[in-house]
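Here's a quick tour of a protein model. Have a look at the sequence and the structure first, then read on.

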Amino acid sequence: MAHMSNPLATVEQLYQRTSFSALPSDLQDIIYYEAQRLTQAAGILLRIPQSVTAQANVVLARFWLAESPLSYEFSDTSAAALFLAAKLSAHPCTPRDVCNVYAYLLSSASPFLKGESLEADGKEKWDPSSYYLSENAYTLLRERILSLEARVLYTLSFDTHVALPHPLAITYLQALDFLDFPKKDISRRTVAYLNSALLSPQLLYLTHQPNALAVAAVYNAAKDVGAKMPECAWWEVFDVDREELGFLVVGLRSLEGWARKQSENYSDCGPGMVTRNWIYDEMRKRGLQIGNGNSIDVHMEDEEAAMMRRMDEKEEELE
C-alpha cells in the first residue's frame, strides 16, 4: 500500500518552518499561494494532465519545506518543479516550451496576472514583444530551471513519489452511492476541493494522507449539493477518524475566504506575480532583515543580474 501513501512532514519540520524562518508567516503564505497558482496556470497552457500538475504542486511544497523560498526566484522554482514532474510522467515538456509559457504568464499580456480565465478568448490584442524570449534570455532561464531541477532532486533525496487523493475520492463516491443524486455534480465538486487544497498554505498535502483528503472532499461536496450521507460514521470505513475529518473539512472550506482577504491586504503588490524583490521591500517596510542583514545585497544582485540580461538582449538585437 506504499504507493497509496505519501511521506508526511514531521512536527520538527513544521516547527522550524514557522519558528526559525526569517520570513513572517503571512509572507510565506502569500508566496506559497501565488507560486502554486502559477504552477497550475502553466500546467494548463502546457496541456499537461491535472494529475501531473498536482504532483508538481506537491513537489514544490516539499522543496520549500526544506529550503527557504527566498533561496531562488519563486517563478523559477515553480518552473523547475513542473518541468521535473512532467519529465517523470508520460507527458514530458521541452525546456523551450516551459520557458515560453512562464515568460508569457509573467508578462503584462498574461490574463493570469489580471485574474481572467486562461481559456477565454480576449478581444484585446496584446503586444507579443512583451513575452518574447530572445535566445540569450531563453538560455539564461533554461539554465536556471535545469540547475533548480537538480537542486530539488537533491533536497528531496530523489524521492519524487506523490500519491494523489483524486482516484481514491472517485472510488469512495462509487462505494457510498448517494441514492439517486447525480454523481456527476458531487464528483465535480469533490475534485474542485482537492485541486483547491493544493494551493492552501496549510500544507494539507504534506500533513495528511490521500485517503483523509479524499474523505474530507467527498464530505464537503455532499454537504454543498445537499446529498444525503449515511447516518453512521462512514468515514471510519476509509480509515479516517472524526477529529482529522473535522480539521480537513474546515481547512478545505477556508481557502476561498483566506484568498479573498489576502488579495485585499496585498493589493499594493500590483497585478504581477509576487517576486523576491517585492518581499524584500515589504520586509524593509516592517524593519526586518534576512539572515545576517544581507537582504539589501541580494536585492542589489538581482537588479544587477536583470540589468545584465537587458544589456545582452539589446546587444543581440543590434547584431
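At what angle do H2 and helix H11 (residues 242–265) pack? The angle is about 105°, and the two axes are 12 Å apart. Before we go further, note that this is a predicted model, where local features need pLDDT of at least 70, side-chain atom pairs count only at pLDDT 80 or more, and totals for chains, interfaces and linings use all residues. Residues are numbered from 1 along each chain as its sequence is written, and side-chain values use heavy atoms, with hydrogens and water left out.

**The big picture**

- The protein has 13 helices and zero strands; helices (H or I, at least four residues) and strands (E, at least two) are DSSP runs, numbered from the N terminus.
- If you read along the sequence, you get the pattern α-α-α-α-α-α-α-α-α-α-α-α-α.
- Of the 319 residues in the protein, 45% are buried; buried means under 20% relative accessible area, exposed means over 50%, and partly exposed is in between (1.4 Å probe, protein chains only).
- Take the contacts (heavy atoms within 4.5 Å) between residues at least 6 apart in sequence: 75% of them join residues at least 24 apart.

**H2 meets H11**

- Back to our opening pair: H2 and H11 pack at about 105°, and they are therefore roughly perpendicular to each other.
- For angles like this, axes are lines fitted to C-alpha atoms, for helices over the stretch in contact, and angles run from 0 to 180 degrees between N-to-C directions.
- Under 35 degrees counts as roughly parallel, over 145 as roughly antiparallel, 65 to 115 as roughly perpendicular, and the rest as oblique.
- H2 and H11 pack at about 105°, with H2 bringing Asp-29, Ile-30 and Tyr-33 to the contact, while H11 brings Leu-255, Trp-258, Ala-259 and Gln-262.
- Sorted by class, the residues of this H2 and H11 contact are five nonpolar, one polar and one charged.
- Here Ala, Val, Leu, Ile, Met, Phe, Trp, Tyr, Cys and Pro count as nonpolar, Asp, Glu, Lys and Arg as charged, and the others, Gly among them, as polar.

**H7 meets H8**

- Helix H7 (residues 166–176) and helix H8 (residues 183–197) have axes that come within 10 Å and cross at roughly 150°.
- That makes H7 roughly antiparallel to H8.
- From H7, the contact uses His-166, Ala-169, Ile-170, Leu-173 and Gln-174, and from H8 it uses Lys-183, Ile-186, Ser-187, Thr-190, Val-191, Leu-194 and Asn-195.
- The class count for the contact of H7 with H8 is six nonpolar, five polar and one charged residues.

**Buried residues inside helices**

- Gln-28 sits in helix H2 (residues 25–45), and it is buried, with a relative accessible area of 7%.
- A polar atom of the Gln-28 side chain lies 3.2 Å from the backbone oxygen of Leu-23.
- Setting aside neighbours within four places in sequence, Gln-28 is in contact with Arg-17, Ser-21 and Leu-23.
- Glu-149 belongs to helix H6 (residues 135–155) and is buried, with a relative accessible area of 7%.
- Leaving out neighbours within four places in sequence, Glu-149 is in contact with Ala-80, Phe-83, Leu-84 and Lys-87.
- Val-249 lies in helix H11 and counts as buried at 12% relative accessibility.
- The C-alpha atoms of Val-249 and Ala-216 are separated by 5.4 Å, although these residues are 33 residues apart along the chain.
- Apart from neighbours within four places in sequence, Val-249 is in contact with Ala-216, Tyr-219 and Asn-220.
- In helix H12 (residues 276–285), the buried residues include Trp-278, Ile-279 and Tyr-280.

**Positive phi angles**

- Most residues other than glycine have a negative phi.
- Arg-47 is not a glycine, yet its phi is positive, at about 60°.
- You'll find Arg-47 in the loop between H2 and helix H3 (50–66), where it is exposed, with a relative accessible area of 77%.
- Phe-158 is another residue other than glycine with a positive phi, near 60°.
- Phe-158 is in the loop between H6 and H7, and at 61% relative accessibility it counts as exposed.
- Just after H12, Gly-287 takes a positive phi of about 75°.

Definitions and conventions:
A polar contact is a pair of N or O atoms within 3.5 Å; within protein, one must be able to donate a hydrogen and the other to accept it, and residues adjacent in sequence count only if both atoms are side-chain atoms.
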